[in-house]
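Keep the picture open beside the text as you read.

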Amino acid sequence: LVRYLGLGIGGAAWATVVSQYAGMALILPLMRRELGRLRGVWKTDAEAKRADSSLLPEVERELARSTGKKAKGVQTASREFLDFAIPVGTTLIGKLVTYLTLTHVAASFGVVPLASHQVMLALFYALTPFCDTIGNTAQTFLPAVKNLGIRAQAELMKRLTIMGLTAGAGVSLIAGSTAILYPQVFTSDPGVGALMANIAPLTMACLVGHGALLAAEGWMLASDEKKDRRFLGKTYGILMAVVPI
């Protein structure tokens with residue numbers, strides 16, 4: 001749309017819209033299939049419970065016991081949800097504000113710097129998922145490892161940090177070599193290509209530590225300690241307030 005049909009920025013916008021709807025078209029059938037499977041499981045469980053009448057008195061007693069704690073349970077669940085949601089939301093918004101601010105600053109220098117920034121930012125976004133998986137892994141495995149003690153948790157964090165640094169080093173080399181040796185993949189403007197080569201070392205430096213940073217973020221978000229999540233939320237909150245200045 002952009003290059004071969006010559007639609008320019010409008011083509012890029014249409015490509016973004018089409019990609020979003022294409023992703024939705026792929027995901028929705030999978031969700032519908034999974035919901036159908038779950039409905040089948042629910043029906044089978046309901047029939048099994050009705051057949052096993054010996055469980056009914058116990059279920060009724062449990063419901064009667066928990067009814068008195070319903071309001072308290074809702075309040076506790078809401079508080080626990082906010083303890084996780086606020087730091088996560090602050091973290092995501094802080095990152096978004098930082099990226100938007102960088103784009104705004106690049107735009108103030110003219111078309112060529114903005115184009116170079118956008119290409120390098122796109123390259124950064126394309127490679128960060130290899131590091132983001134480290135943070136997701138930390139959030140997935142930490143709850144299970146907690147039962148094994150402090151030593152197991154420390155070993156997991158050590159391995160995730162090493163994995164993050166390794167992944168960061170790998171994607172930083174890919175980003176740097178692509179920007180310096182093959183800028184023509186992204187642009188035909190020699191000025192944009194030259195500026196990409198100039199800022200490539202900075203992009204590489206950001207990517208090197210990105211994996212370890214995401215490992216630490218995932219660890220703090222999955223931690224039982226509220227102070228870890230609050231520290232993360234406060235850090236990105238301060239970043240969100242300071243960077244635009």
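**The ground rules**

This is a predicted model, in which local features need a pLDDT of at least 70 and side-chain atom pairs count only at pLDDT 80 or more, while totals for chains, interfaces and linings use all residues. Residues are numbered from 1 along each chain as its sequence is written, and side-chain values use heavy atoms, with hydrogens and water left out.

**The overall layout**

The protein chain has eight helices and zero strands. Here helices (H or I, at least four residues) and strands (E, at least two) are DSSP runs, numbered from the N terminus. Read from the N terminus on, the elements go α-α-α-α-α-α-α-α.

How many of the residues are buried? Of the 245 residues in the protein chain, 25% count as buried. Buried means under 20% relative accessible area, exposed means over 50%, and partly exposed is in between (1.4 Å probe, protein chains only).

Contacts tell you about the fold too. A contact means heavy atoms within 4.5 Å. Take the contacts in the protein chain between residues at least 6 apart in sequence: 70% of them join residues at least 24 apart.

Two packed helices are described by the angle between their axes and the distance between the axes. Axes are lines fitted to C-alpha atoms, for helices over the stretch in contact, and angles run from 0 to 180 degrees between N-to-C directions.

| Helix pair | Angle between axes | Distance between axes |
|---|---|---|
| Helix 4 and helix 5 | roughly 45° | within 5 Å |
| Helix 4 and helix 6 | about 150° | 10 Å |
| Helix 5 and helix 6 | roughly 170° | within 9 Å |

To put words on those angles, under 35 degrees counts as roughly parallel, over 145 as roughly antiparallel, 65 to 115 as roughly perpendicular and the rest as oblique.

Start with helix 4 (residues 111-127) and helix 5 (residues 129-145), whose axes cross at roughly 45°. Helix 4 and helix 5 are therefore oblique to each other. On the helix 4 side, Y125, A126 and L127 meet P129, F130 and C131 of helix 5. By class, this contact has six nonpolar, no polar and no charged residues. For these classes, Ala, Val, Leu, Ile, Met, Phe, Trp, Tyr, Cys and Pro count as nonpolar, Asp, Glu, Lys and Arg as charged, and the others, Gly among them, as polar.

Next, helix 4 and helix 6 pack at about 150°, so they are roughly antiparallel to each other. Here M120, L123 and L127 of helix 4 meet V171, I174, A175, T178 and A179 of helix 6. The residues of this contact divide into seven nonpolar, one polar and no charged.

Which way do helix 5 and helix 6 run relative to each other? At roughly 170°, helix 5 and helix 6 are roughly antiparallel. Residues of helix 5 in the contact include F130, I134 and F141, and those of helix 6 include L156, L160 and M163. This contact has 13 nonpolar, four polar and no charged residues.

**Into the cores**

A nonpolar core is a set of buried Ala, Val, Leu, Ile, Met, Phe, Trp, Tyr and Cys residues joined through side-chain atoms within 4.5 Å. In the largest one, which has 14 residues, M120, L127, M196 and L207 touch the most other members. Helix 4, helix 6 (150-181) and helix 7 (190-222) each supply at least two residues of this core. Its largest share, five residues, comes from helix 4. Apart from this core lies another, of 10 residues, among them I134, M157, W219 and A222.

Back to M196: not counting residues up to four places away in sequence, M196 touches S116, V119, M120, A179, P183, F186 and T187.

**A few single residues**

V111 and V192 are 81 residues apart along the chain, with their C-alpha atoms separated by 9.2 Å.

D228 sits in helix 8 (residues 226-242) and, at 22% relative accessibility, counts as partly exposed. Leaving aside neighbours within four places in sequence, D228 is in contact with M220 and S223.

Finally, K95 belongs to helix 3 (residues 70-107). K95 touches L214, E217 and Y236, again not counting residues up to four places away in sequence. K95 and Y236 are 141 residues apart in sequence, yet 7.5 Å apart in space, C-alpha to C-alpha.
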